[in-house]
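Hi,

Here's the structure I said I'd pass along.

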Amino acid sequence: MKPRVIVTGTAGLIGQYFVKTAARWASGWEVHGLTRADLDLTDFSSVERMWERLQPNAVIHCAALSRTKDCERDPQQARRINVEATAYLAGCSKEIPFVFLSSGEVFDGQVGWYRETDHANPINVYGQTKLEAEHRVLQNPRHTVVRIVLTAGISLNGDRSFVEDMRQAATSGRAMTLYGDEFRCPLPAGVIPRAVWELVNREATGLYHLGGRDRLSRWEIGQALLACYPELQGHLFEGSSTSHTGAPRPRDLSLNCDKLQALLSFPIPGFREWLRDRMQQEGDLWDYESTLA
Ligand SMILES: NC(=O)c1ccc[n+]([C@@H]2O[C@H](COP(=O)([O-])OP(=O)(O)OC[C@H]3O[C@@H](n4cnc5c(N)ncnc54)[C@H](OP(=O)(O)O)[C@@H]3O)[C@@H](O)[C@H]2O)c1
């Protein structure tokens, strides 16, 4: 019998890529995905029963309140799912590998190219809840935190990734202001499971950064996507983060990923290089596996 891994949040953007790509990257595991419909992770007695029933050998925790705006609007709910449920799941998984997907939003974005040893200083509720959860998870030396970044891909309902948001806005005729002075290092969703499975299989614990190799402004990201999605044409306008209103957004969340890269069997791609290569091929732009031999 194969060891069993539970993946949470599998109706979400990234969780579903763990399930979709399991045959390729996790063939040694029986993957058991959980959606909110299967189990509300804030209902701790049901969680405990599920863990007793499934007896997992590892857990990859992707479920979260993941939108910054939703977290600002309802900090209590953000804390309940992002911190308390994460800590509870980690507690149910004391003796086994537990991987928690965190975010570069734990940084204030003043500097950029952050390393794992750099001081975290979140400036919004989402980042605060992620950092608090990290501390709870990393109390257990068997456990792992992977901070990820702006993720591109296709979700089950077409309404989760920033690429989907941009296409939807363009289709409904809305203009988008993309900041030329706000930097991210975007990554296609399919790369994340491959990297995380490699960490799990190596039993690597502790804190890791996983972002794309390119540091791009929001405006540059929009320009790179124009070639793939002509419907964006005429809807993108360059702006400055100095005019931003609403939930605070860190200015530069580029991540230094050297620590993780040294462990991986493959190079983490850059976003522009990814798009350029994928544009020359047929099929789903975000299908990572088809880029490989
Ligand atoms: N996407 C990014 O750009 C990005 C960047 C940095 C970090 N991250 C982190 O990576 C992880 C995965 O992100 P994602 O983009 O896949 O997020 P997502 O698309 O929002 O998916 C999160 C999933 O968690 C589920 N969930 C929320 N509350 C739950 C609860 N109480 N019980 C059970 N399930 C619950 C959601 O259910 P519903 O479908 O019912 O809403 C959703 O399917 C998250 O920890 C996120 O913070 C993501």
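This is a predicted model: local features need pLDDT of at least 70, side-chain atom pairs count only at pLDDT 80 or more; totals for chains, interfaces and linings use all residues.

Residues are numbered from 1 along each chain as its sequence is written, and side-chain values use heavy atoms, with hydrogens and water left out.

Let's start with β4 (98-103); strands here are DSSP E runs of at least two residues and helices H or I runs of at least four, numbered from the N terminus. Six of the six residues in β4 are buried (under 20% relative accessible area, 1.4 Å probe, protein chains only). F98, F100 and S102 point one way, while V99, L101 and S103 point the other.

V99 sits opposite I60 and has T144 as its bridge partner in β5.

Now the glutamate. E116 is in the loop between β4 and α6 (125-137). E116 is buried but has no salt bridge, and K259, the nearest side chain of opposite charge, is 5.3 Å away (a salt bridge needs a Lys or Arg side-chain nitrogen within 4 Å of an Asp or Glu carboxyl oxygen; Lys and Arg count as positive, Asp and Glu as negative, and His and the chain ends are not counted). What does its side chain reach at 2.8 Å? That is the backbone nitrogen of H209.

Cheers

Notes. Buried means under 20% relative accessible area, exposed over 50%, partly exposed in between (1.4 Å probe, protein chains only). A polar contact is a pair of N or O atoms within 3.5 Å; within protein, one must be able to donate a hydrogen and the other to accept it, and residues adjacent in sequence count only if both atoms are side-chain atoms. Two strands pair if DSSP finds at least two bridges between them.
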